[in-house]
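Please open the structure in a viewer and keep the selection tool at hand.

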Amino acid sequence: LLVFFRNGIAKVVDIQQLSSSAIAPYLVNQDRFNTAEVQPDGFGIYWNDQTTLSHRDLYRQGMTVPLTLDALHHYVQSRVVSASEACGILDCSRQNIDDLMRRDKLHPIRTDAKYKLFSKAEVVQRKKE
């Protein structure tokens, strides 16, 4: 996990090192693991009331990385594009974007029922081809 703490420090946490019998089922199934949420008070992550990791454990086990939340926001705003933006760059329709994905020519970095996000670099490279 990449975790940003309130003190401005970012850490990468190897969840395997924190493994306990309570979180073990979440570590072997990516879909289950991805259901983790930040606790409402911001003091850890949880999957359900009995399965949590505290911010203290995450901070203690994490390895500090030279990244700020502002830098991450800037990266996403400047280097990630929506499907609509990809259509504009490639001068094509959404159906064409879907076709490129089906043919493994374009790879979304995030997919949801209502939207898709792409690496702007990949979309621009696709335009050059």
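**A guided tour by selection**

Begin with V123, which touches V81, A86, I89, L90, L106 and F118, leaving aside residues up to four places away in sequence. The model on view is a predicted one. V123 belongs to helix α7, residues 120-128. Its relative accessibility is 0%, so V123 counts as buried. Select L100 next: its C-alpha atom is separated by 11 Å from that of V123, and the two residues are 23 residues apart along the chain.

Turn now to the aromatic rings, among which the count comes to three pairs. Select F5 and Y59: the ring centres are 4.8 Å apart and the planes stand at 85°, so this pair is edge-to-face. F5 is in the loop between β1 (2-4) and β2 (10-12), while Y59 is in helix α3 (residues 55-61), so the pair ties together parts 54 residues apart in sequence. F5 is buried, at a relative accessible area of 13%, whereas Y59, at 29% relative accessibility, is partly exposed.

Proceed to F33 and W47, a tilted aromatic pair with 5.9 Å from centre to centre and 50° between the planes. This pair links distant parts of the chain, 14 residues apart: F33 is in helix α2 (residues 30-33) and W47 in strand β4 (residues 44-48). F33 counts as buried at 17% relative accessibility, and W47 counts as buried at 10%.

Finally, select R6 and F43: the charged end of R6 sits over the ring of F43, 4.8 Å from its centre.

How values were computed:
Residues are numbered from 1 along each chain as its sequence is written. This is a predicted model: local features need pLDDT of at least 70, side-chain atom pairs count only at pLDDT 80 or more; totals for chains, interfaces and linings use all residues. Side-chain values use heavy atoms; hydrogens and water are left out. Helices (H or I, at least four residues) and strands (E, at least two) are DSSP runs, numbered from the N terminus. Buried means under 20% relative accessible area, exposed over 50%, partly exposed in between (1.4 Å probe, protein chains only). Contact means heavy atoms within 4.5 Å. Rings of Phe, Tyr and Trp (its six-membered ring) pair if their centres lie within 6.5 Å; planes under 30 degrees apart count as stacked, over 60 as edge-to-face and the rest as tilted. A charge sits over a ring if NZ of Lys or CZ of Arg is within 6 Å of the ring centre and within 35 degrees of the ring normal.
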